[in-house]
Amino acid sequence: MGGLVKVQTVTGRPIPLRGNDIDTDRIIPARYLKAVTFDGLGHAAFFDERFDAEGHSKGHILDEPRFQAKGTRVAIVNKNFGCGSSREHAPQALLRWGIKALIGESFADIFFGNCVALGMPCVTASEAEVAALMAAVEEDPAHDLTVDLDARTATYRGRTYAVDLPPGVRNQFLQGTWDGTRVLLEAGDRIHQTAQRLPYIRGFGK
Amino acid sequence: MAKTLLDKVWEAHTVSELPSGQTQLFIGLHLVHEVTSPQAFQMLGELKLPVLFPDRTVATVDHIIPTHTQTRPFDDEQAETMMREIERNCRSFGIRLYDRASGHQGIVHVIGPEMGLTQPGLTIACGDSHTSTHGAFGSIAFGVGTSQVRDVLASQCLAIKKPRLRRIEVNGTLPAGVYAKDVILHIIRTLGVKGGVGYAYEYAGTVLDRMTMEERMTVCNMSIEGGARCGYVNPDQTTFDYLRGRELAPQGPAFEPAVGWWRSMASEPGAAYDEVTRLDGSGLSPVVTWGINPGQAIGVTERIPDAAAFAADERDVAVDAYEYMGWKPGAPIAGTKVDVAFIGSCTNGRLSDLREAARVARLGTVKPSVKAIVVPGSQAVARQAEAEGLDEVFRTAGFEWRLPGCSMCLAMNPDKLVGRQVCASSSNRNFKGRQGSPSGRTLLMSPAMVAAAALEGAVSDVRVLLGGSA
């Protein structure tokens with residue numbers, strides 16, 4: 001376990017991924033889960049939405065020339081993003097494609113938790129704010145967008161949008177305590193004490 | 001103040017309240033499979049950490065395993081690599097692995113209950129979203145990602161926020177030909193695929209009271225498809241009777257004290273819920289999905305709804321579904337031609353599911369244009385089904401009888417749709433591309449309805465086939 005990595009701001013070129021209820025099977029088809037590492041998953045992000053059976057581009061936004069910026073990316077999504085399968089391969093694929101933060105109307109619970117564990121903030125904004133931000137980006141995507149977790153804002157081309165995330169999760173990012181294993185192991189003996197209080201571990205009838 | 005099962009299980013397993021506002025929750029049972037664990041074990045190795053409670057950790061292989069052959073090495077090199085990886089990890093970290101040689105292999109959510117590992121009052125985690133299945137026993141069971149699998153391996157804990165709680169009461173009496181699968185598809189259709197986000201679902205009412213454990217598992221299994229973090233049914237005599245005598249359930253003199261504790265964990269009358277939803281089970285008919293998420297479902301005698309029938313935030317998804325599926329609003333779902341019939345999965349791959357499907361299969365033969373496969377949920381399910389002669393019933397009718405695994409539910413093994421095939425499926429997800437072909441189409445329904453579709457070559461009302469009326 002390395003030092004604490006604080007995440008206060010994420011800055012990068014934005015990319016809108018429109019649509020409600022985008023499930024993790026779409027974000028990464030199951031055949032790409034047949035691997036023992038997460039390496040190289042970036043190319044598989046949204047693969048079947050991007051390419052036809054012959055491997056030709058379907059013109060998905062991930063492949064549009066004006067959305068090919070290098071470096072950190074920030075995705076903008078609609079409602080219930082990441083629903084379905086718990087596969088962490090979904091945020092891992094997005095992360096490896098370059099997406100380091102997401103702004104959306106809402107996120108599925110397991111996907112949200114997986115992103116926290118990877119240090120990828122998922123912040124929420126109102127339907128109107130997301131619509132305005134998507135429109136601004138689609139009009140001209142060639143600028144950096146900044147998500148500021150401390151200020152709870154997203155800023156694009158001089159306009160500031162209100163974003164939010166649960167206070168505890170926000171603190172995890174700001175304090176660099178989003179690494180689950182480290183935090184959980186700090187409890188030390190209390191883990192065993194809790195276990196020994198449970199009758200199914202202590203033994204029923206004892 | 002009266003407490004719910006969620007309150008009591010949460011309190012009993014709380015190690016501490018974390019500064020993040022989450023609870024550090026002790027996990028009583030950690031189930032592991034080959035797809036979401038290799039990276040977790042690798043991270044554990046890099047951190048030089050052991051598995052903290054290897055005796056509370058159990059592994060099996062289900063997702064990638066072929067269902068047509070036992071031969072090793074697998075033809076698929078990637079699958080073979082994953083198989084070797086979980087074998088190696090279980091050996092080096094001291095974890096029980098129920099592989100095919102053990103006679104206990106099967107879908108992780110089938111073997112946990114049938115071996116008696118899944119018990120009331122437990123917290124359960126697994127790197128699989130259908131972990132909610134185990135809630136049928138009155139456990140609180142979470143699907144998690146690989147980083148959290150690592151957390152549980154290392155600390156036997158999860159950092160997690162207590163969900164809000166919605167009680168869903170289904171009252172009345174289910175008509176003949178209407179099953180647990182129809183109940184949960186109806187719940188998701190009613191509350192939406194986003195309706196459960198941030199919630200746990202407590203299922204109750206006379207319909208749930210009368211259900212067998214296998215039926216309750218089907219309902220809890222698909223909680224995640226409604227967006228809920230987990231789902232459960234309060235433990236009762238049905239639960240205790242199921243567990244008595246199971247290999248890994250409390251034995252002999254320990255059983256009655258266990259029942260006492262299990263009973264004490266149930267929700268109390270007068271407990272407070274964040275939401276209560278009441279539904280009528282008596283008026284239900286067999287449900288079939290027509291779209292690209294499990295909420296896009298209708299009764300078998302209904303027509304595919306018009307876009308105008310949807311709330312604003314569901315309309316675009318409906319339009320997307322018409323295009324992907326290739327049919328028009330207003331068309332009846334009954335009569336839709338199917339190419340493949342799949343009976344199996346953690347939703348509907350248990351003995352009672354196979355019995356109901358076999359009851360239909362006895363009535364005819366599979367249409368020659370349909371490829372029909374039956375994949376038992378576990379080796380134990382397969383043994384019981386074979387002892388009852390169900391395998392012969394299926395073979396005689398023209399179904400293939402396969403070896404246990406997840407199979408065509410998510411098509412990580414060789415069982416896949418081809419091109420735009422339409423599959424009548426007893427599984428849990430009709431997402432685009434879910435069954436292995438990027439343009440494949442899935443219609444979710446009960447196992448009996450899948451069998452009916454296989455015989456007719458098209459979506460059919462199983463009530464009619466069984467001699468009743470629609």
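So, which order do the three strands of the open sheet with antiparallel pairing take in chain B? Hold that thought for a moment while I cover the ground rules.

This is a predicted model, so local features need pLDDT of at least 70 and side-chain atom pairs count only at pLDDT 80 or more, while totals for chains, interfaces and linings use all residues. Residues are numbered from 1 along each chain as its sequence is written, and chains are lettered from A and ligands numbered from 1 in the order in which they are written.

Okay, chain B overall. We have 17 helices and 19 strands there; helices are DSSP runs of H or I with at least four residues, strands are runs of E with at least two, and both are numbered from the N terminus. Chain B has a radius of gyration of 21 Å, close to the 23 Å from the globule rule for 470 residues, so it is as compact as a globular protein of that length. That radius is taken over C-alpha atoms, and the rule is 2.2 Å times the number of residues to the power 0.38. The C-alpha trace of chain B spans about 55 × 55 × 45 Å along its principal axes. Of the 470 residues, 61% count as buried, where buried is 20 or more other C-beta atoms within 10 Å of the residue's own, exposed is 12 or fewer, partly exposed is in between, and C-beta atoms are placed from the backbone.

Back to my opening question. The order is 1-2-8, and two strands pair if DSSP finds at least two bridges between them. Strand 1 (14-17) and strand 8 (157-160) of chain B are the edges, each pairing on one side only. Strand 2 (residues 23-26) of chain B runs antiparallel to strand 8 of chain B, with four bridges joining them.

Now the five-stranded open sheet in chain B: the order is 5-4-3-6-7 and the pairing is parallel. Its edges are strand 5 (96-98) and strand 7 (140-143) of chain B. Strand 4 (residues 57-60) of chain B has three bridges to strand 5 of chain B, with Val58(B) opposite Arg96(B). Strand 3 (residues 29-32) of chain B is also joined to strand 4 of chain B by three bridges, and there Val32(B) stands opposite Ala59(B). In a regular strand the side chains alternate between the two faces of the sheet. In strand 4 of chain B, Thr57(B) and Ala59(B) point one way, Val58(B) and Thr60(B) the other, and all are buried.

Next, domains. Chain B splits into domain 1 (5-276) and domain 2 (333-465), with bounds from an automatic or database domain assignment. Their C-alpha centres lie 24 Å apart. The contact takes 33 residues from domain 1 of chain B and 32 residues from domain 2 of chain B; contact means C-beta atoms, placed from the backbone, within 7 Å. Helix 4 of chain B gives the largest share of the domain 1 side, four residues.

Last bit: the two chains. Their contact takes 57 residues from chain A and 66 residues from chain B.

How values were computed
Contact = placed C-beta atoms within 7 Å.
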